[in-house]
Amino acid sequence: MFKKHFLITLLFAGACLRAADIVGEDAEFKSSGCKKFKNLNVCNALNVGGNETVTGSVTAASFATPLGTLVSGFRNYAVLTNQAAIAESVSGETVLWGATAAGDLSADISVDTSTGAITLPTSGTFFIEYSVRLDRYPPNGDPGTSLAIAQLQQTIAGTSTDISQPAITNNLDVDEITSGQTVPASERQITGYALIQVTSAANNVLDLVVTVTNNASVPATSGTDANAQMLILQIN
C-alpha cells in the first residue's frame with residue numbers, strides 16, 4: 001500500500017512540474033515579444049526550414065521572398081465596357097466606358113465616365129487588353145481608304161501620353177471599289193495588349209483614344225453588346 005501511494009505521489013508531482021515548465025515557457029515567449037496562437041508560437045520573425053504540412057488554413061497579408069512580396073491571385077481587376085457611338089474624327093475621341101457595371105471594378109480601380117479617365121493604384125504592374133469594333137462603308141461605291149486607331153495612353157507627370165511600348169493600334173482598310181459598285185459595309189476590330197508600370201500618382205491614369213477617318217465609325221450598341229472593352233489585371 002505504501003508503494004502504491006508513493007508512486008501516485010511521484011506521478012502527481014511530475015505533472016505539477018511539467019505544468020510549471022509550460023507556464024515558464026509561456027512567460028518566456030511573452031517577455032521575448034512572441035505570441036502564442038493555440039499550439040503555434042509565432043515571434044516577430046519566423047524562419048521555417050524543410051517541409052511544413054498545414055492541415056488547416058493560413059491567412060497572411062503577404063509572404064516575403066528574396067525578390068519581394070509573393071502574392072497569390074490578382075490584387076485588382078477591371079472590365080470596362082462602352083456602348084456609346086464614336087463618330088468619325090481626325091483628332092480622336094476618348095472612350096468614356098459608360099456601360100461599365102459597378103461590380104466589374106475592384107475597390108482600388110475607378111473610372112470617370114464623363115472623361116474616360118481610369119485611375120489605378122499608385123504602384124504595381126498591370127496587364128491591359130483593349131478591343132474596339134468599327135464599321136467601314138465605302139462612300140457611294142467609290143474607292144477609299146479607312147483608318148482607325150485605338151491608342152492607349154498613360155499619364156506621364158500628369159499628362160496623357162501614348163504608351164511607349166509597341167502595341168497594336170492601327171487598322172487600315174483599303175478597298176478597290178470601282179465607281180458605281182454597291183458594296184455592303186464591313187466590320188473590323190482592333191485588339192491590343194500592354195504591360196503598364198505604375199510608380200506614383202503622376203502616372204497611374206489611363207485612357208483609350210479612338211480615331212476613325214474616311215467613312216469609318218464605331219456605332220452605338222445596346223443590350224449586352226459592346227463596341228469597346230478594356231481588361232485590366234494587376235499582376236504585381
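I started with V79 and looked up its contacts, leaving out residues up to four places away in sequence; V79 touches T100, D104, M230 and L231. I note here that the model is predicted.

Next I checked where V79 sits. V79 belongs to strand 5, which covers residues 77-82. Its relative accessible area is 32%, so I wrote V79 down as partly exposed, since that class lies between 20% and 50%. I also took the distance from V79 to G103: the two are 24 residues apart in sequence, and their C-alpha atoms are 9.2 Å apart in space.

Then I turned to aromatic pairs. How many did the count come to? I found one aromatic pair. Planes count as stacked when they are under 30 degrees apart.

I looked up the strands of both partners. F127 is in strand 9 (residues 124-136) and Y193 in strand 13 (residues 186-198), so the pair ties together parts 66 residues apart in sequence. F127 counts as partly exposed because its relative accessibility is 28%. Y193 is also partly exposed, at 46% relative accessibility.

Last, I noted some totals for the protein. Of its 236 residues, 31% count as buried. The protein exposes about 14900 Å², and carbon and sulfur atoms supply 57% of that area. For contacts between residues at least 6 apart in sequence, I recorded that 74% join residues at least 24 apart.

Conventions:
Residues numbered from 1 in each chain as written. Predicted model: local features only at pLDDT ≥ 70, side-chain atom pairs only at ≥ 80, totals over all residues. Heavy atoms only, no water. Phe/Tyr/Trp six-rings, centres within 6.5 Å; stacked < 30°, edge-to-face > 60°. Helix = DSSP H or I, 4+ residues; strand = E, 2+ residues; numbered from the N terminus. Buried < 20%, exposed > 50% of the residue type's maximum accessible area, 1.4 Å probe, protein only. Contact = heavy atoms within 4.5 Å. Areas by Shrake-Rupley, 256 points an atom, 1.4 Å probe, with all protein chains shown as cover.
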